[in-house]
Amino acid sequence: MALLPSGSGSTPVIAEVEMNGGADQSATTVRATVVQASTVFYDTPATLDKAERLIAEAAGYGSQLVVFPEAFVGGYPRGSTFGFGINISMTNPKDKGKGEFQKYHAAAIDVPGPEVTCLAAMAGKYKVFLVMGVIEREGHTLYCSVLFFDPLGRYLGKHRKMMPTALERIIWGFGDGSTIPVYDTPLGKIGALICWENKMPLLRTALYGKGIEIYCAPTADSRPVWQASMTHIALEGGCFVLSANQFCRRKDYPPPSEYAFAGLGEEPSPDTVVCPGGSVIISPSGEVLAGPNYDGEALITADLDMGEIVRAKFAFDVVGHYARPEVLSLVVDDQPHRPVSFTCAAEKTPAAKSDGTAKP
């Protein structure tokens, strides 16, 4: 793999050298890119502008699929405690944590909404399948979600993170089984789980049961051990794994006067790396095709030989010939669970519809 850091001025936003140039072109191949870049925090319009530049760069290299990190639109609130563990008073409306949440809520997006329409237009303009990590706003609750778009400029659906981790549970709601989609596309069957959801064996098995072939894993985990999880999933599922993470420095977040950065002792310097990335693409045989990159913002690209999926499953098909359903089986409740429902069909809200397996 060869990657160059992002440029400035008239140079490409992120430069890239072609990956897997020796791939067997007689087989069906898919060129895929994972984006390793930082959100423009608290500035969603600027983040969307940055996303378009990155998508254009990837499309210029011939990528057919572009995968962005967890919470790219809306931002991953790294370092923020939202007042918890500092000195929060649930009865004080001016509590600092509540003010932080108000700004974070304002940076999130409605699904559907104008930002979704904008992202769909980008996918159509550059003729790519797009997998985008966002912070979704439904009323006053936020969800960590992944949105899917096709090259015709259509929004396909979403996956909501089912199990936020640690402090994430304070700021994000929980998804349910109605948004575990796998989309049957001309490139292959595409789906996604977010960050530590990928450690949940039963949730992974639900995707395997839907025949996932290109397994997207947007994340905020940059630890080296994350690579072991991604390799295991590729081997277990007999699928390609594309994991995208942000590369962030302290200066990519608002200044200390506006954003308290906890967990690192003293306030870090502007150039301190607070998330080193580690984005990676792994084949069904466990081979690392591109990455992991810990050097800076980058486009990380590989050609996926889709014939490798069949070759891998000859030996191990976790929901096929290697399954023992008479002993072990999984039942998935894929119905939406809402706190309020209405018996009259006219009063049912569109949000109650599920995002399941779909064919664009």
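This is a predicted model: local features need pLDDT of at least 70, side-chain atom pairs count only at pLDDT 80 or more; totals for chains, interfaces and linings use all residues.
Two strands count as paired if DSSP finds at least two bridges between them. Strands (E, at least two residues) and helices (H or I, at least four) are DSSP runs, numbered from the N terminus. Residues are numbered from 1 along each chain as its sequence is written, and side-chain values use heavy atoms, with hydrogens and water left out.

**The sheet**

- Six strands form an open sheet with mixed pairing, in the order E9-E10-E11-E12-E15-E16.
- Its edge strands, E9 (182-185) and E16, each pair on one side only.
- On average, neighbouring strands here are turned by 15° against each other, direction ignored; axes are lines fitted to C-alpha atoms, for helices over the stretch in contact, and angles run from 0 to 180 degrees between N-to-C directions.
- Within the sheet, strands E10 (residues 188-192) and E11 (residues 214-216) run parallel and are joined by three bridges.
- Isoleucine 190 has isoleucine 214 in E11 as its bridge partner.

**The helix across it**

- Helix H6 (residues 225-237) lies across E11, E12 (240-243), E15 (279-282) and E16.
- The angle at which H6 runs to E15 is about 25°.

**Cis peptide bonds**

- Going from valine 111 to proline 112, the peptide bond is cis, with omega near 0°.
- You will find proline 112 in the loop between strand E5 (109-110) and helix H3 (114-126).
- Another cis peptide bond runs from glycine 291 to proline 292, with omega near -5°.

- Lysine 127 is not a glycine, yet its phi is positive, near 60°.
- This lysine 127 belongs to the loop between H3 and strand E6 (129-138).
- Lysine 127 is exposed, with a relative accessible area of 57%; exposed means over 50%, buried under 20% and partly exposed in between (1.4 Å probe, protein chains only).
- Alanine 166, also not a glycine, has a positive phi of about 50°.
- The loop between strand E8 (155-160) and helix H4 (168-171) holds alanine 166, and alanine 166 is exposed, at a relative accessible area of 54%.

Key. Contact means heavy atoms within 4.5 Å.
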